[in-house]
Amino acid sequence: MGTYTTPEPSVDVTGEKRELLTLLQDQRNMLKITARNLTDEQARKQTTVSTLTIGSLIKHLARGEENAAKVIVERDENAEFDLSRAADEYRLTDGETLAGWLEAYDRQAAGFDRVIAGAASLDELIPQPTAPWQPEREWVSIRTMILHLLRETSHHCGHADIIREALDGQTTMAAISEGRAWAEDEWWEQN
């Protein structure tokens, strides 16, 4: 399978579950590469016109993994998105550290993977919380929830890569290519 890192799901699964969790883990790894060797100050730094930072993106995705697992486990047909929780979703608050959120991200990702491993079928329909942008209750398959999380993680990997490049010039592709013979070729260095 074409991956950029050496992803290994945190759970023992096979078939489609393994394929989906492997791709998701690859994107998680790519996100964490953008945070490699950053200080807390750098993780909080806004380097583009957006207010997003690498630290806030990792925090947001850690919470997303936690919430997705909770929605699958609880299957609450009356759940509503808690807007108050979103107040500090996109910033590292006083006392929060990049290391703390990277640890939380790994922990929440492993928890999500355990929920997926325990699911009887990826076709199971799960009620989604309503929200101002989604006022009608939707029921979606666990597969769709995994794909949504994969899309969300990939989307924010792009944000994080741009933020990191503006911070110190590091790109994720350059970081994962270090020391590889093919990365020394002239065509690669020109791109």
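Me: What makes the pair Glu 89 and Arg 63 a salt bridge?
Reply: The term requires a side-chain nitrogen of Lys or Arg within 4 Å of a carboxyl oxygen of Asp or Glu. For Glu 89 and Arg 63 the N to O distance is 3.2 Å, so the pair meets the cut-off. Glu 89 is in the loop between α3 and α4 and Arg 63 is in helix α3, so the bridge ties together parts 26 residues apart in sequence. The model is predicted, with pLDDT of at least 70 needed for local features and 80 or more for side-chain atom pairs, while totals for chains, interfaces and linings use all residues. Residues are numbered from 1 along each chain as its sequence is written, and side-chain values use heavy atoms, without hydrogens or water.

Me: What links Glu 96 and Lys 59?
Reply: Their side chains form a salt bridge with an N to O distance of 2.9 Å. Glu 96 belongs to the loop between α3 and α4 and Lys 59 to helix α3, 37 residues apart. Both are buried: Glu 96 at 17% relative accessibility, Lys 59 at 0%.

Me: Which parts of the chain does the salt bridge of Asp 123 and Arg 143 link?
Reply: Asp 123 sits in the loop between α4 and β1, and Arg 143 sits in helix α5, 20 residues apart. The N to O distance is 2.6 Å. Arg 143 has a relative accessible area of 22%, which makes it partly exposed.

Me: Which residues do salt bridges that share partners join into one network?
Reply: Lys 59, Arg 63, Asp 88, Glu 89 and Glu 96. The structure holds 13 salt bridges.

Me: Why is the pair of Phe 81 and Trp 133 called edge-to-face?
Reply: Rings of Phe, Tyr and Trp (its six-membered ring) pair if their centres lie within 6.5 Å; planes under 30 degrees apart are stacked, over 60 edge-to-face, and the rest tilted. The count by this rule is 1 aromatic pair. Phe 81 and Trp 133 give 5.1 Å centre to centre and 65 degrees between the planes, so the edge-to-face class applies. Phe 81 is in the loop between α3 and α4 and Trp 133 in the loop between β1 (125-127) and β2 (139-141), so parts 52 residues apart in sequence are tied together. Phe 81 is partly exposed at 34%, whereas Trp 133 is exposed at 59%.

Me: What makes up the largest nonpolar core?
Reply: A nonpolar core is a set of buried Ala, Val, Leu, Ile, Met, Phe, Trp, Tyr and Cys residues joined through side-chain atoms within 4.5 Å. The largest has 23 residues, and those with the most contacts inside it include Leu 31, Ile 58 and Tyr 105. At least two of its residues come from each of α1 (15-34), α3 (54-74), α4 (98-118), α5 (142-168) and α6 (172-177). Another core, of 21 residues, lies apart from it, with Val 13 and Ile 72 among them.

Definitions and conventions. Buried < 20%, exposed > 50% of the residue type's maximum accessible area, 1.4 Å probe, protein only. Helix = DSSP H or I, 4+ residues; strand = E, 2+ residues; numbered from the N terminus.
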